[in-house]
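Let's take a walk through this structure together. Have a look at the fold before reading on, and keep it in view as we go.

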Amino acid sequence: MVLSKTASESDVSIHSTFASRYVRTSLPRFEMPENSIPKEAAYQIINDELMLDGNPRLNLASFVTTWMEPECDKLMMESINKNYVDMDEYPVTTELQNRCVNMIARLFNAPLGDGEAAVGVGTVGSSEAIMLAGLAFKRQWQNKRKAQGLPYDKPNIVTGANVQVCWEKFARYFEVELKEVKLREGYYVMDPEKAVEMVDENTICVAAILGSTLTGEFEDVKLLNDLLVEKNKQTGWDTGIHVDAASGGFIAPFLYPELEWDFRLPLVKSINVSGHKYGLVYAGIGWVVWRTKSDLPDELIFHINYLGADQPTFTLNFSKGSSQVIAQYYQLIRLGFEGYRNVMDNCRENMMVLREGLEKTGRFNIVSKENGVPLVAFSLKDSSRHDEFEVAETLRRFGWIVPAYTMPADAQHVTVLRVVIREDFSRTLAERLVADFEKVLHELDTLPARVQAKMANGNANGVKKTEEETTREVTAYWKKFVEAKKSNKNRIC
């Protein structure tokens, strides 16, 4: 939650047992304290509170990297005080960023000649990268419409309803109409044919997702490109494609090298990718690259000289740390193509172990496909007693954080659980997770099934029970359940 809120008036202080040897009074929670406290006390107070956070390694909801090698951790700490934007003061850091942009552009088959520099920039994540790419498309479209003497005040963008929320932010913040292709049960990505049907003269681009957040599936960018080429020929438009490869950009080149989704397709004008996902860097780094320099309007690039030299900049923010850029360069040269392929192979193999384990329980329908981002999205075959949200909540007692969510329109009646397989998720953890799922399901089977709703519907003869009968039956059930638990607790093993 980005917006802050305060607690109740009765809970306005921070109390720390361990800090009592340094601090005799509690600290205000929402105001700066009047006096300083020892560094040991400050550390202990914060450390104690952070213990209540979840374990990042067991957070299977997130695509974001949670482990890196100690050598890379060391590099990041050594550069944590460098401001990435100060290019004149830190020219080597700037050079490393440029190397990353060129490596990634070539990984995505950008049409670069010998010695030609790629066009791109490092960002704080794919959200900023998407904002920048969207702005480039919007400005290109506006410039063309102005030159033709046509209205340029109603731009729109076509996406699937499965897009990440950053696309909705882009549309709302920069006043672009968002035209979404609705989903349907069994098909949870954008339909290219329906997307192209929605394209009109005001469409700045079509956004395709390489690795849906919901199911990990790759959208068919090749088919989208071919259909859009034909529509452009018929209409005289030149609508392009942006590929949101936040999750899949560091997967497809290594696991599916023959898949055409990138700059090999002529209408793909820009691509974003998250370095902090399968680029294997801690949170805080994304990349956006353009096909050619002409796809990024010059008027969006600012030039400053107050940091010591003329410096071009195209970002939404200004100052930021250099550590993640340096970490990305470390991973690219440390792992190389072979290393990334090995990591992605391992992730996919562990995904298959988890997928097969869940299937063997006989309790789940697998919603995700075997190809795509290494994750498993699945739903209960029978949710009449307990649903996916109850499974996710109960699973937290074992330390696992597994999200449950409903699909977007028009498949909102479908609820799924999702487990993302990252580099640090081993086969042993996959097997343990399956075992814990079985424990959770067994425990839920012994609990009353949404008791009030089930029992209020009536008995086997279809006669609706009175409120008194329902209450009596619920009470009797819970008494029996509690007594059984007490009986089990008293057994000697």
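A word on axes before we start: they are lines fitted to C-alpha atoms, for helices over the stretch in contact, and angles run from 0 to 180 degrees between N-to-C directions. Helices (H or I, at least four residues) and strands (E, at least two) are DSSP runs, numbered from the N terminus. What you're looking at is a predicted model, where local features need pLDDT of at least 70 and side-chain atom pairs count only at pLDDT 80 or more, while totals for chains, interfaces and linings use all residues. Residues are numbered from 1 along each chain as its sequence is written, and side-chain values use heavy atoms, with hydrogens and water left out.

First, the overall picture. The chain has 13 helices and 15 strands. Of its 493 residues, 48% count as buried (under 20% relative accessible area; exposed is over 50%, partly exposed in between, with a 1.4 Å probe and protein chains only). Take the contacts (heavy atoms within 4.5 Å) between residues at least 6 apart in sequence: 68% of them join residues at least 24 apart.

Now for some helix packing. Two packed helices are described by the angle between their axes and the distance between the axes. Find helix α9, residues 323–361, and helix α2, residues 70–78: their axes come within 8 Å and cross at roughly 150°. That makes α2 roughly antiparallel to α9 (over 145 degrees; under 35 is roughly parallel, 65 to 115 roughly perpendicular and the rest oblique). The crossing is right-handed, meaning that the near helix is turned clockwise from the far one by less than a right angle, with anticlockwise for left-handed. On the α2 side, the contact is made by Glu71, Cys72, Leu75 and Met76, and they meet Ser323, Gln324, Ile326, Ala327 and Tyr330 of α9. By class, that gives 6 nonpolar, 2 polar and 1 charged residues (Ala, Val, Leu, Ile, Met, Phe, Trp, Tyr, Cys and Pro count as nonpolar, Asp, Glu, Lys and Arg as charged, and the others, Gly among them, as polar).

Helix α3, residues 91–107, also packs on α9, at an angle of about 50° with the axes 9 Å apart. That makes α3 oblique to α9, and the crossing is left-handed. Among the residues that meet here are Leu96 and Met103 in α3 and Leu332 and Phe337 in α9. This contact divides into 10 nonpolar, 3 polar and 1 charged.

What about α9 and helix α11, residues 427–445? Their axes come within 9 Å and cross at roughly 20°, so the two are roughly parallel. The α9 residues here include Asn350 and Leu358, and those of α11 include Arg427 and Phe437.

Where does Lys277 sit? Look in the loop between β8 (268–274) and β9 (286–290). UniProt, in an unreviewed entry, lists Lys277 for "modified residue: N6-(pyridoxal phosphate)lysine"; such annotations may be inferred rather than shown by experiment, and positions follow the numbering used here, with feature names shortened. Lys277 counts as buried because its relative accessibility is 16%. Leaving aside neighbours within four places in sequence, Lys277 touches Phe63, Val64, Thr65, Ala246 and Ser247.

Finally, some backbone details. The peptide bond from Ala409 to Asp410 is cis, with omega near 0°. Asn109, in the loop between α3 and β3 (119–123), has a positive phi near 60°.
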